[in-house]
Amino acid sequence: MELEVEFSGLPLSEVAYYLRLGLQLEVVTLADVSDWVDAVLLREEAPDGFFVELYRLLRLRQPDVSAYLAAAFPPARFSVRPALAWLQQRLAGGSWPLGRINRALYRLRTLVESEVEVGWIYGLAADYERAASGPAEALQEVYRETEAFLACYHDYTFANRAEWLYLDAVLPQRWAGLR
């Protein structure tokens, strides 16, 4: 993931939140973070201490990166719908198999904003479990359902953040058109 582009213009507290979420979902790697931090440190004359500490941890104590991202700013919650868009991109691009998408999606079940989303995540997880040991057609159906659900979030990018309120308003209509 190109973090420089993805997080352009976001406050550092949000960057830390989404970096940590991306690492948990495995859509962001430590190598991605390292490349991005290197670029920031080379570009900025007086980089924020956040980047300096992140650089240090990436070089000396990588297992502590996630904990640092969680503790670097006061606790805050942001929408996880951009993370659903990341998963949609991985599925649509064919870079991740359905099982990996399903596991990442399941990790979001406690962070999503509505009961409808929670229901879909649990339903897709159950459908995947049933279909995984069955005929290929059953797995294809789960793929199509997952694809349709994640397509609802395609436009939740940071670049079009100004549209999020509108997207939130039409999301129930999109869900109603599923299954």
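1. Let's begin with charge. The protein carries 17 positive and 25 negative side chains, and the centres of these two sets are 5 Å apart. In this count Lys and Arg are positive and Asp and Glu negative, while His and the chain ends are not counted. Each charge is placed at NZ of Lys, CZ of Arg, CG of Asp or CD of Glu.

2. A word on what you are looking at. This is a predicted model, in which local features need pLDDT of at least 70 and side-chain atom pairs count only at pLDDT 80 or more, while totals for chains, interfaces and linings use all residues. Residues are numbered from 1 along each chain as its sequence is written, and side-chain values use heavy atoms, with hydrogens and water left out.

3. Now the fold. The protein has 10 helices and zero strands, so its elements read α-α-α-α-α-α-α-α-α-α from the N terminus. Helices (H or I, at least four residues) and strands (E, at least two) are DSSP runs, numbered from the N terminus.

4. Of the 179 residues, 42% count as buried; buried means under 20% relative accessible area, exposed over 50%, and partly exposed in between (1.4 Å probe, protein chains only). The protein exposes about 9400 Å², and carbon and sulfur atoms supply 54% of that area. Such areas come from the Shrake-Rupley method with a 1.4 Å probe; for residues, only the protein chains shown count as cover.

5. Contacts tell you how the chain folds back on itself. Among contacts (heavy atoms within 4.5 Å) with a separation of 6 or more, 61% are between residues 24 or more positions apart. L10 gives you an example to look up: it sits in the loop between α1 (3-6) and α2, and it counts as buried because its relative accessibility is 13%. Not counting residues up to four places away in sequence, L10 touches V15, Y18, F158 and R161. L10 and A159 are 149 residues apart in sequence, with their C-alpha atoms 10.0 Å apart in space.

6. Side chains of opposite charge can pair when their charged atoms come close. The structure holds 13 salt bridges, each defined as a side-chain nitrogen of Lys or Arg within 4 Å of a carboxyl oxygen of Asp or Glu. In one of them E4 meets R43 at 2.7 Å, N to O. This pair links distant parts of the chain, with E4 in helix α1 and R43 in helix α3, 39 residues apart. E4 is partly exposed at 27% relative accessible area, and R43 is partly exposed at 46%.

7. R43 also forms a salt bridge with E44, whose closest N and O atoms are 3.3 Å apart. E44 is partly exposed, with a relative accessible area of 36%. Elsewhere, R81, E113, E117 and D168 are linked in a network of salt bridges.

8. Please look closely at E26. This residue lies in the loop between α2 (12-25) and α3 (30-43), and it has a positive phi of about 70 degrees although it is not a glycine. E26 also meets R100 in a salt bridge (3.9 Å, N to O). R100 lies in helix α7 (residues 98-107), so the pair ties together parts that are 74 residues apart in sequence. R100 is partly exposed at 28% relative accessible area, and E26 is partly exposed at 40%.

9. Which charged side chain is buried yet has no salt bridge? It is R90, and the nearest side chain of opposite charge, D32, is 6.4 Å away. R90 is placed in helix α6 (residues 81-93). Leaving aside neighbours within four places in sequence, R90 is in contact with M1, V27, S95, W96 and I101.

10. R59 counts as partly exposed at 37% relative accessibility. Apart from neighbours within four places in sequence, R59 is in contact with S34 and D38. R59 and S34 are 25 residues apart in sequence and 8.6 Å apart in space, C-alpha to C-alpha.
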